[in-house]
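Please open the model in your viewer and keep the sequence alongside. The stops below go from the whole chain to a few side chains.

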Amino acid sequence: MNPRLVFWFAYIATLAVGALVCLLLLSTARAAERWDTTDKVLGATALAFTVADWAQTRYIAQNPCINAGGGTDCADPYREAGLARHFIGEHPSTGQVDRYFAGTLVVWSLAAHYLPSAYRKWFLAGITVYELRVVAHNRSIGLRMEF
């Protein structure tokens, strides 16, 4: 099967599942609850670390021969790891990276907005911790942030 077709199928399926989750959340909530200070701080940190991960992933896409030590050895290039790898592949283009992270931010923002406040805190804290670990790991192996 064509890898480009697989990417688009996975991307659209992810957005569809995200939209379904948002609709399910909307059906249980009468209206989105107000964001308190903790929600806003967690939302800002989740956004900041997600954007940092985005920039590091763009750096990987722009430097296809980069390796885990920060060098440029095309014989052993760095491969995208983690959750994103399943949607954008091991060697994504900059456009694939941008579409993935833009879609992710939209889905996460909608889900967080419509979650009840108690669940929102856990959701945003989970995103923050996950993205912090990814960004710290990427930084430890020499990946930079570049838009």
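With the whole protein chain selected, display its contacts (heavy atoms within 4.5 Å): of those with a separation of 6 or more, 72% join residues 24 or more positions apart. This is a predicted model, in which local features need pLDDT of at least 70 and side-chain atom pairs count only at pLDDT 80 or more, while totals for chains, interfaces and linings use all residues. Residues are numbered from 1 along each chain as its sequence is written, and side-chain values use heavy atoms, with hydrogens and water left out.

Next, colour by pLDDT, the predictor's confidence in each residue from 0 to 100. The protein chain averages 80, and 67% of the residues score at least 70. Where pLDDT is low, the predicted coordinates should not be read in detail.

Switch to a cartoon, taking helices (H or I, at least four residues) and strands (E, at least two) as DSSP runs numbered from the N terminus; the protein chain then shows five helices and zero strands. Buried residues (under 20% relative accessible area with a 1.4 Å probe, protein chains only; exposed is over 50%, partly exposed in between) make up 35% of the 147 residues.

Now select residues 94–114, helix α4, whose 21 residues reach 31 Å from first C-alpha to last, close to the 30 Å expected when 1.5 Å is multiplied by one less than the number of residues. Its buried residues include Gln 96, Gly 103, Thr 104 and Val 107.

Which residues make up the largest nonpolar core? Select Trp 54, Ala 61, Ile 88, Val 97, Tyr 100, Phe 101 and Leu 105, seven in all; such a core is a set of buried Ala, Val, Leu, Ile, Met, Phe, Trp, Tyr and Cys residues joined through side-chain atoms within 4.5 Å. Helices α2 (37–62) and α4 each supply at least two residues of this core, and the largest share, four residues, comes from α4.

Finally, show the rings: Phe, Tyr and Trp (its six-membered ring) pair if their centres lie within 6.5 Å, with planes under 30 degrees apart stacked, over 60 edge-to-face and the rest tilted. The count comes to two aromatic pairs. Trp 54 and Phe 101 are stacked, 5.8 Å centre to centre with 10° between the planes, and this pair links helix α2 to helix α4 across 47 residues. Tyr 100 and Phe 101 are edge-to-face, at 5.0 Å and 85°.
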